[in-house]
Amino acid sequence: MTDRDDKPLMDGALMVADRNRNDRDRDDRDRDRDDRDSGQSRDRDDRDDREDRGEPGDGKAEEAQDMLEGLLDRMDLDTDVDIREDDERIVLDVTGEDAGRAIGRKGQTLDALQFLVNKIVNRFPGGRRHVIVDSGDYRERHDDGLISMAERQAERAVDQGKVVTLEPMSARDRRVVHMSLAKVSGISTKSDGDGLSRRIRIIPAGVSAGRSRGRDDGGRDGGGGGRRRRRRRD
């Protein structure tokens, strides 16, 4: 499938999300502004979730399933939605002939659907449930690939003694990378940029992030540094 084929699907999935895009981008920046120091904020979020969290049998799973099926129908996709839930989360598994199209390019359509379903199902403050929209084991395979890539780039940063900048990625993917590299000694991670251009920088211990800026992502250095020697005329 070409990117052009995916565009109508993305437009359909993001139609409602457009109204919340600015809020989401601001939340993304706030969530991982202090990337390696985010342990306290995650603990606070966990406490808030425990205090105001729903539970299996509260009807949220069925509501989320109905909402997702409605969105997929509007996108004219031939799919089914199965439910898996436990005390921590609701997983909606998209299956069927068009399941691959529901994933979209780099999982963008799946992420948009998940964002929409969570916003609608949790529109009221009480009994919040975290909803994950998946298709087969896509999320697991995607995360495994992210972690493998991040570990290779961390090794490269240490070996070369310079900052390595990763490609822009979603807030969810950045969190996966930050959490996986938090276990790696000798490096730290930091996010730079805003919105869709926000990306992770892997910084080896003892290397200044500012000093290496511009050399870690293939940026042009302009060449010809330093003063030019003037030709002496006789």
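**Packing and pairing**

Tutor: Start with Leu72, which contacts (heavy atoms within 4.5 Å) Leu77, Thr79, Val81, Val94, Ala102 and Leu113, leaving aside residues up to four places away in sequence. This is a predicted model, where local features need pLDDT of at least 70 and side-chain atom pairs count only at pLDDT 80 or more, while totals for chains, interfaces and linings use all residues. Residues are numbered from 1 along each chain as its sequence is written, and side-chain values use heavy atoms, without hydrogens and water.

Student: Which residues touch the most other members of the largest nonpolar core?
Tutor: A nonpolar core is a set of buried (under 20% relative accessible area, 1.4 Å probe, protein chains only) Ala, Val, Leu, Ile, Met, Phe, Trp, Tyr and Cys residues joined through side-chain atoms within 4.5 Å. Here the largest has 22 residues, and Leu68, Leu72, Leu92, Val94 and Val117 touch the most other members. At least two residues of this core come from each of α4 (60–74), β2, α5 (99–103), α6 and β3. Another core, of 14 residues, lies apart from it and includes Ala157, Val164, Leu166 and Leu181.

Student: In what order do the three strands lie in the sheet?
Tutor: Strands are DSSP runs (E, at least two residues), numbered from the N terminus, and two of them pair if DSSP finds at least two bridges between them. The order is β1-β2-β3 in an open sheet with mixed pairing. Its edge strands, β1 (80–85) and β3 (130–134), each pair on one side only.

Student: How many bridges join β2 to β3?
Tutor: Five, and β2 (residues 89–95) runs parallel to β3. Val91 has Ile132 as its bridge partner in β3.

How values were computed:
Helices (H or I, at least four residues) and strands (E, at least two) are DSSP runs, numbered from the N terminus. Buried means under 20% relative accessible area, exposed over 50%, partly exposed in between (1.4 Å probe, protein chains only).
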